[in-house]
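Here is a short briefing to read with the model open beside you. Take it topic by topic, and keep the viewer handy for the named residues.

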Amino acid sequence: MNTQLAGTGALLRLALRRDRVMAPVWILVVAMLVLSLPGSLESVYGTAAERERLLATMTANGSLRALYGPVFGDSIGALTAWRGGVFAGLLAGVMSLVIVVRHTREEEESGRQELLSAAMVGRRAPLTAALLAALTANAAAALLVTAGLAGRGAAGALALGLGIGATGMLFAALAAIAAQLTESARLAKGLTGAFIGAAFVLRAAGDAGAPDGGSALTWISPLGWLEHVRAFAAERWWVLALFAAASAAQLVAAYALAARRDVGMSFLPARPGPARGRLGSAGALAWRLQRGALLGWSLGFLAAGLVFGGMTDGATELVGDNARTREIIERMGGQAGQAGQGVLADAFLATMAGMLAMVAALYIVSAVLRLSAEESGQRAEPLLANAVGRLRWAGGHLAVAFGGSALILLLAGLGLGIGHGEDIGGAVAATLGQLPAVWVIGALAALLHGAVPRFAVAAWAVAGAALALGWVGPALNLPQAVLDLSPFAHLPKLPGGQDPSWAPFVALTALAAALLAAALTALRRRDLAA
């Protein structure tokens with residue numbers, strides 16, 4: 001056996017054990033995003049005439065092509081690949097970067113990798129185990145998608161499943177390179193996430209300008225390759241070779257970089273001090289640590305708001321007189337039973353505001369869990385050994401997390417209003433109206449960190465469950481009792497003609513405050529993580 005790979009099996013078993021909760025959740029989210037679509041699409045576009053109308057509308061609607069991509073066929077399988085393929089590939093990429101960075105750079109940052117490397121562990125074993133863990137997760141997601149859609153056409157189901165899995169592995173290889181280049185797990189995730197975002201933007205720009213998806217910008221993006229696999233529409237199997245070649249080239253680069261650095265080192269080290277400006281308080285330090293991430297989220301939410309706002313008229317045109325689609329949008333937008341294009345536009349804007357708020361829950365979880373990263377990385381202990389109390393230290397990060405979530409939703413609302421060109425104030429009210437639910441999820445993340453830091457990562461599952469319920473719950477016609485498990489289900493949906501009650505806003509804000517108080521009390525009483 002190659003001594004460079006010694007211990008790979010043991011490290012892989014350890015990685016799979018550590019991911020025994022997180023990985024299955026990600027796999028199910030990726031698979032269910034696709035598998036939840038055929039039934040709802042069949043109820044919406046049940047006839048050939050309706051599907052032909054959809055194809056004609058999408059060909060003429062650049063804003064919707066930018067979001068979903070072009071439609072290459074009129075079968076339910078082809079519509080499923082169109083509606084969910086790109087988003088499933090994007091989620092598979094995020095899942096892969098989390099897994100790879102967690103078992104490479106995070107292990108080095110915490111010091112555990114140095115201990116493991118003192119045993120019979122080859123130099124390439126940690127990276128190989130991380131990539132195999134990502135491969136296992138992507139293969140499982142691909143298998144679920146293929147099996148779930150096999151009844152719609154075995155070849156199309158296999159093409160879509162392989163395309164999603166290949167997309168995930170391409171970004172896993174990219175994350176492996178980022179883990180060698182950067183000094184921290186946070187930077188590695190941010191760098192890979194930026195490339196994933198750029199891939200989506202390039203594909204969107206290309207598809208907006210080319211009805212057939214033939215733009216050069218689309219072909220630059222791996223997400224564009226995924227749509228050009230053309231599952232259920234005369235599959236292009238050769239496109240999968242692009243994924244294989246790009247992944248192989250990136251893996252060669254990742255292993256070459258790994259062989260040329262020591263454990264804990266990087267090719268892009270952090271700039272040495274002293275830091276510019278004053279860091280006179282724990283809050284100022286928290287702001288310095290988190291401002292880059294907040295800037296990225298802010299720009300992303302402003303751009304997303306502009307795109308979704310500009311899509312409003314096209315979306316209402318696409319819905320037309322389709323009763324089932326109208327029912328789903330109105331249910332998500334909280335205005336069921338009303339009529340008129342203006343009401344439908346308000347329902348669409350309310351739906352987009354709710355979706356952006358659910359994504360904002362991911363931001364607040366990541367910002368709150370920066371406390372866990374500082375503590376497990378042993379950077380909190382030297383700080384707290386000085387004249388800084390735990391509440392001041394935690395309060396600085398929580399202020400950035402909760403204030404930052406308000407900022408990005410404000411910018412999202414501005415983008416929605418500007419993009420739609422009407423009632424900017426109403427669009428801002430729609431996004432900020434979802435803020436109490438975002439704060440509840442952030443407070444739950446703080447409570448997990450304060451009370452049971454070992455399970456703080458479960459906050460991601462809470463945010464993911466809320467996102468899944470809001471995204472696919474109405475389309476699946478889930479019972480209201482199930483939808484009510486999400487805090488977002490209890491808030492009035494704006495904009496709209498109804499006069500909202502203040503009670504849900506006050507109740508959820510009070511709940512968030514109570515959870516935060518419990519979190520800070522628990523943090524103050526427990527020992528710091530070793």
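What share of the contacts with a separation of 6 or more comes from residues 24 or more positions apart? In this predicted model, such residues account for 75% of those contacts. The protein has 25 helices and zero strands, and buried residues make up 51% of its 530 residues.

**The nonpolar core**

- The largest nonpolar core holds 138 residues.
- Within that core, the residues with the most contacts are L160, I164, F243 and F488.
- As general background, nonpolar side chains tend to be buried together in soluble globular proteins.

**Helices α6 and α10**

- Helix α6 spans residues 76-102 and helix α10 spans residues 154-181.
- The two helices pack at an angle of about 35 degrees, and their axes are 7 Å apart.
- Their crossing is right-handed.
- On the α6 side, the contact is made by A81, G85, A88, G89, A92, G93, S96, L97, V100 and V101.
- On the α10 side, the contributors are L160, I164, T167, G168, M169, F171, A172, A175 and A176.
- Sorted by class, this contact has 13 nonpolar residues, six polar ones and no charged ones.
- Two of the α10 contributors, L160 and I164, are also among the residues with the most contacts inside the largest nonpolar core.

- R370 sits in helix α18, which covers residues 370-376.
- R370 counts as buried because its relative accessibility is 9%, and the cut-off for buried is under 20%.
- A polar atom of the R370 side chain lies 3.3 Å from the backbone oxygen of L289.
- With a relative accessible area of 17%, S372 is buried.
- Beyond residues up to four places away in sequence, S372 touches H449 and A456.

- A6 belongs to the segment before α1, a helix that runs over 8-18.
- Is A6 buried or exposed? A6 is buried, at a relative accessible area of 18%.
- A6 and A125 are 119 residues apart in sequence, yet their C-alpha atoms are 6.3 Å apart in space.

**The loop between α13 and α14**

- This loop joins α13 (222-228) to α14 (239-258), and R230 lies in it.
- R230 has a phi near 55 degrees, a positive value in a residue other than glycine.
- A234 has its place in the loop between α13 and α14 as well, and phi of A234 is near 55 degrees, again positive in a residue other than glycine.
- For context, most residues other than glycine have a negative phi.
- A234 counts as exposed because its relative accessibility is 65%, where the cut-off for exposed is over 50%.

**Two partly exposed loop residues**

- M265 lies in the loop between α14 and α15, the latter covering 282-319.
- At 47% relative accessibility, M265 counts as partly exposed.
- Which residues does M265 touch, not counting those up to four places away in sequence? They are R105 and E108.
- M265 and L181 are 84 residues apart along the chain, and their C-alpha atoms are separated by 8.8 Å.
- D74 is placed in the loop between α5 (62-68) and α6.
- D74 is partly exposed, with a relative accessible area of 36%.
- Apart from residues up to four places away in sequence, D74 touches R51, E52 and L55.
- D74 and E50 are 24 residues apart in sequence, and their C-alpha atoms are 9.3 Å apart in space.

Conventions
Residues numbered from 1 in each chain as written. Predicted model: local features only at pLDDT ≥ 70, side-chain atom pairs only at ≥ 80, totals over all residues. Heavy atoms only, no water. Core = buried A, V, L, I, M, F, W, Y, C linked by side-chain atoms within 4.5 Å. Buried < 20%, exposed > 50% of the residue type's maximum accessible area, 1.4 Å probe, protein only. Helix = DSSP H or I, 4+ residues; strand = E, 2+ residues; numbered from the N terminus. Polar contact = N/O pair within 3.5 Å; in protein donor to acceptor, adjacent residues only side chain to side chain. Axes fitted to C-alpha atoms, helices over the stretch in contact; angles between N-to-C directions. Left-handed = near helix turned anticlockwise from the far one by under 90°. Contact = heavy atoms within 4.5 Å. Nonpolar A, V, L, I, M, F, W, Y, C, P; charged D, E, K, R; others polar.
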